[in-house]
Amino acid sequence: MAMSPEAQISPAAMKAAIYRTIWRWHFYAGLFVVPMVLILSLTGAAYLFKPQIERWEERAWQGLPTAGAVTPEAQVNAALAALPGARFHSYRLPQQQGDAAMIHVAVVGAADGKAKAMRDVFVSPQGQVVGVLDPEWRIMQVVHDIHGQLLIGKQGSWLVELAASWAIVMILTGLYLWWPRGRGLSGVLWPRLRGGARVFLRDLHAVTGFWVAGLAMVLLVTGLPWADVWGSAFKAVRSEMGWIKGKQDWTIGGAPASGDEHAEHHHAAMAAGTMPTGATPAGMHRMPDGTLMAGPAMSAVSISEIVAEAKSRHLPFPVIVTPPGGGQRFGGQVSGGWSVRSDTQNRPLRVALTFDPVTGRETSREVFADKHVIDRVVGYGVAWHEGQLFGMVNQLIGMLTALMLATLSVSGFVMWRKRKPDQGLGAPPMPKEKVMNTLVTVLLILAVLLPLLALSLVVVALLEKLVLPRMPNLAIWLGLENHVERT
C-alpha cells in the first residue's frame with residue numbers, strides 16, 4: 001500500500017511544517033483583524049464606563065432644587081408641550097433626588113403627522129424642560145453603534161463578526177506559537193530585557209498575547225450572541241431545542257431578537273410609529289389638537305401613581321415606566337398594563353413588573369432567575385462584556401484587556417513593518433511539506449462553530465484555486481509562490 005505524502009515526512013519535519021503553517025495562519029489572521037481589534041478595543045473600553053459617561057453627559061440637569069416639585073404627570077405634560085405633536089413613550093425615573101426626569105418621546109412631522117425621530121427630554125422637578133437630546137447621537141449610543149456595526153448597519157455587524165471570528169483564530173494560533181517548548185520563563189511569562197530591541201518587541205507581543213488570551217476569548221465569545229449571523233443561528237438552535245423562556249433581552253445584529261421593529265431603543269422603528277396616530281395609551285388622553293397628554297381621562301391609574309410605586313420598589317437605575325401599548329426595549333408592546341422595568345446593565349439584577357391600568361395592582365413580575373438557564377448564562381456573559389457584572393473591578397479588568405489587545409495589535413504591526421520586504425507582503429514562508437490533512441480537523445471544528453469564518457475560508461479557497469494561479473505576481477506578493485508553480 002502506498003504511503004501518503006504526510007506519512008513519509010519525519011516527525012521533526014512534520015512538527016516544523018505544522019509550526020510554519022500555523023505561523024502563516026496567525027500572520028494572515030492578524031493582518032486582517034489588527035485594524036478591527038484597535039477599533040473594538042477603543043470603543044469597548046469606552047463603553048465599559050457607560051454609566052459614568054452618561055452621568056457626566058447629563059451633569060447640567062442634576063442636583064436641581066427640589067422645592068416646589070410637580071408630579072410626574074406634569075413633567076410629561078411639560079415635555080409634550082415643549083415639542084408640539086410629540087408622542088409619549090416612556091418615563092425614566094431620576095437617579096438621585098434633584099435630578100431631572102427623562103421623558104422619551106417621538107417627534108411628529110408637521111407635514112404628514114408621522115413620527116420622524118425620538119428625543120430624550122429632561123424635565124426638572126419643578127416641571128421645566130431643561131434639555132433635549134437626540135438619543136441616536138448620545139455619546140454612548142455612537143460608541144455602541146461603532147463597536148457593533150461600524151456605523152454602517154447590518155453590513156457592519158457582519159464585518160465585526162468576521163473580524164471576531166478571525167481574532168479567535170489569531171489567539172489560538174498565537175498560543176500555539178507562544179508555547180515554551182523547553183525554554184525558560186523569560187520570554188514566556190515576561191519579556192527579555194537584554195536581547196535588544198527586536199527580541200524585546202517579539203517578547204512583548206508574545207507575552208502580552210499569552211496574558212490577554214483568556215480574557216480576550218471571553219470577550220469575543222460573550223459578544224457572539226449579539227452578532228447577526230452567529231446570534232441568529234444561536235436563536236434558531238435555542239428555539240429548536242426549546243431553550244427559550246420569556247423574551248430575549250439582547251439584540252441580534254443591532255435589531256430586536258423578536259423581529260419586532262417596534263422595540264424600545266430601536267429608535268428608527270419607534271419613530272416609524274410604535275404608537276400610531278389615533279392610539280391612546282392608558283393613563284393618557286388626547287387633546288383636541290391631537291396632542292397626547294398625561295392624565296386620568298382614560299385610566300383610573302395615572303403615571304404619577306405608577307412612578308410612585310416604582311420608586312417604592314428601589315429598583316437598580318435606570319428604571320423605565322412605559323404605558324400600555326408602548327414599545328418594549330427588546331421587542332413587542334406593553335400589554336395588560338403599565339410596565340416598570342430596571343434596564344441596569346448588570347443583567348442579573350434586572351426586574352420587570354406589570355401593573356393593572358385600572359386597579360394599579362402588580363399583575364406580573366419577572367426577574368433574572370425566571371429566565372431559561374441558557375439566557376442566564378448569556379446574561380452573565382453580557383454583563384461581564386459590558387463591565388457591569390461586579391462593578392469597578394469588572395470595568396478595570398475590561399480596560400486592562402482592551403489595553404493589552406491594543407498593545408498586541410500595535411506590536412504585531414510594528415514587527416511586520418520591520419521585517420516586511422520592499423517587494424511583497426512579508427508573509428512567513430510556506431512549508432514544502434503538505435500538512436493540511438493533519439490540521440483539517442481543527443479547521444472543521446472552527447468552521448462549524450463560526451459560520452462567517454467558514455464562509456471566508458470558502459472564499460479564500462476559491463481565490464487560491466481560481467484567481468491566484470492566473471495572477472502570479474499577486475501570488476508572489478502574498479507569499480503564495482506555490483500557486484505560480486501550478487501554472
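**Figure 1. Overview of the predicted chain.** The secondary structure comprises 15 helices and ten strands, where helices (H or I, at least four residues) and strands (E, at least two) are DSSP runs numbered from the N terminus. Of the 487 residues, 47% count as buried, a term that stands for under 20% relative accessible area, with exposed meaning over 50% and partly exposed in between (1.4 Å probe, protein chains only). The chain exposes about 23800 Å², of which carbon and sulfur atoms supply 66%, and these areas come from the Shrake-Rupley method with a 1.4 Å probe. Among contacts (heavy atoms within 4.5 Å) with a separation of 6 or more, 60% are between residues 24 or more positions apart. Residues are numbered from 1 along each chain as its sequence is written, and side-chain values use heavy atoms, with hydrogens and water left out. Because the model is predicted, local features need pLDDT of at least 70 and side-chain atom pairs count only at pLDDT 80 or more, whereas totals for chains, interfaces and linings use all residues.

**Figure 2. The salt bridge between R55 and D99.** A salt bridge is a side-chain nitrogen of Lys or Arg within 4 Å of a carboxyl oxygen of Asp or Glu, and a search of the whole structure finds 18 of them. In this view the side chains of R55 and D99 meet at 2.6 Å, N to O. The pair links distant parts of the chain, since R55 belongs to helix α2 (residues 50–57) while D99 sits in the loop between β1 (87–92) and β2 (101–108), 44 residues apart. R55 is partly exposed, with a relative accessible area of 22%, whereas D99 is buried, with a value of 6%.

**Figure 3. The salt bridge between E57 and R138.** The side chains of E57 and R138 come together at 3.2 Å, N to O. Here helix α2, which holds E57, is linked to the loop between β4 (129–133) and α4 (139–149), which holds R138, and the two residues are 81 residues apart. Both E57 and R138 are buried.

**Figure 4. R138 and D120 within a network of salt bridges.** The side chain of R138 also meets that of D120 in a salt bridge, at 3.4 Å, N to O. D120 lies in strand β3 (residues 115–123) and R138 in the loop between β4 and α4, so the pair ties together parts that are 18 residues apart in sequence. R138 has a relative accessible area of 6%, and D120, at 3%, likewise counts as buried. The network links E57, E58, R92, D120 and R138.
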